[in-house]
Amino acid sequence: MSHTVPSRPPISLTSPSTFARSVCARFIALWTPSFIRSILYGQALSVALTFVSVLTTELVDRNWVLPSTQVFFSYASLFIVYTPYTVYKYGLKGWCKLLVHDGWKCPFSSQRVPETAPHTLLDLILTLGDFEAGYLYIKAFAYTDLMSCMLLDAWTIPVCMFVCWAAMHVQYHWTQILGVVICIGGLALLVTSDLLTGKNGGPTRRGEGDGFMLAASTLFGFVNAAEEFYVRRSPLYEASATARKEPFFLRNNGRNAQVLGQMGLWGMVASFVQSLILERQKWKTSTWDGATAGLLIGNAISTFIMYTLQMMLFRVASSPYFNISLLTSDFYGLLFGLFLFHYSPYWLYFVAFAIVISGLVIYFWHATPEEQGTTKVEFPKYLNTESQTSMKDHEGQKLELRERDISIALT
C-alpha cells in the first residue's frame, strides 16, 4: 500500500508579515507524529548512552576494565529477548532456515547471492563491525583526550550520510546539511565547555588514540547505514492478530527483532572469543562482587534499550538523524554529574544543548522523516509462516473498513 508523504507549507517572501506567518505555519507543520517520535526516540537514546557511559565509568573505578566481556552481556540481553520472539513467530524450523538463508544478502543490492552461499555471513559481518567499532571506541579513551574523542566521533555523521547517499540514493536538502552543521557547532561548544571546566584529561598516546577513534567512527557510520537498510526490509509482524497484546518494544517491530536477535547471537560469539583471547588473565584480577554484577546488569539493560530504540529510529527517521541526536549526550552527562559527582554546571552547556536541538529541528525543516528512506516489506520466500496469512487478512479487513467508511460518508 502506498503512503502519501506530507509536504511542508511554502515559505513566502512577498512581505515581512507574510514571511513571518509562513515561517510560523512551517514550524507548526513540523510537529507530525513521526517528527515527534524522531525527537523523543533520539533523546531517549542519548539518555541511554549517558547511562552506559556513567556505568562504564563506575566499573573502571572498581578495577573492572574488560570491554569485550562487558559487551558480551549486552549482546546476551538482545539474544535472550529477541531470539525467542523470532522463534515464536517463525517456529524453530523457520528460525534455523533463517540462520542458513537470510543472512548473506548484500544490504545495498537487490540481487540475492546463490542459495549455496553461507547466508549468515551478512549478520556476522554487521555484528563484527558493530562490536569492533565499540571496542575501538572504548580503547580510544584510554590513549587520547576527551576533546579529540568527541570531535573525531562526529566523523560518524558524514560517513553515514555518504553511505546512505551512495547506497540508498537518499537525496539531502541543503537545510539538512545546515542542521548537521549546526549540531556539530553545538558539539564544538560542548567541547569548549569541557576544556574550560578542566574535564578534557591528558592524552598518553594521542596518535594511537585518535586512530582508534577515527576507525571506530568510520565503522559506526557504515554499520548504522547498513542496519537502517536492513531493518527497512521484510518482514513486519504488526499485522499479527496478537500484535496489540505484545510489549511496546516488540509491537510493530518484527524485522527489528530478527536483526537484533541475530546481532545478539553473533555478538555473543565474537565478544566471547575476543575476551577469551585478550582478557582471560584479567578475569582473575578484576573485582567480581554484587556491586559489579549490578553495574553490568544496568549496563546490559541500557544497551538493550539503545539498540531497540536505534532500530525504531531508523524506521521513523534515518541513521544520520540517529547519529546527530546522540550529540546531546554530553549535556545529559552533566545532569547525571550534578547528582552523582557534584559537578558545577557551566552556562555554555545549556547554550550548546539548545543549539543541537535547534539543529535537529532544522534537519527536518524542509525534508520530512517519511522521505528519509524506503521501507520495502517482504517476507522470506523460504518461509511459510502464519504471519503472511495474518498480514493479508489484516490488510483485507482494513481495506473493507476504509471502503465502508467512505460509503457512509458519501451517503
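A residue is termed buried when its relative accessible area is under 20%, exposed when it is over 50%, and partly exposed in between (1.4 Å probe, protein chains only). By this criterion, 48% of the 411 residues of the protein chain are buried. The model is predicted, so that local features need pLDDT of at least 70 and side-chain atom pairs count only at pLDDT 80 or more, whereas totals for chains, interfaces and linings use all residues. Residues are numbered from 1 along each chain as its sequence is written, and side-chain values use heavy atoms, with hydrogens and water left out.

The protein chain contains 15 helices and zero strands (DSSP runs, H or I of at least four residues for helices and E of at least two for strands, numbered from the N terminus).

Helix α2 (residues 33–61) packs with helix α11 (residues 290–316) at an angle of about 155°, their axes lying 9 Å apart. Axes are lines fitted to C-alpha atoms, for helices over the stretch in contact, and angles run from 0 to 180 degrees between N-to-C directions. The two helices, α2 and α11, are therefore roughly antiparallel (under 35 degrees counts as roughly parallel, over 145 as roughly antiparallel, 65 to 115 as roughly perpendicular and the rest as oblique).

For helix α13 (residues 329–340) and helix α14 (residues 347–363), the axes come within 9 Å and cross at roughly 140°. This makes α13 oblique to α14. In the contact (heavy atoms within 4.5 Å), Asp330, Phe331, Tyr332 and Leu334 of α13 meet Tyr349, Phe350 and Phe353 of α14.
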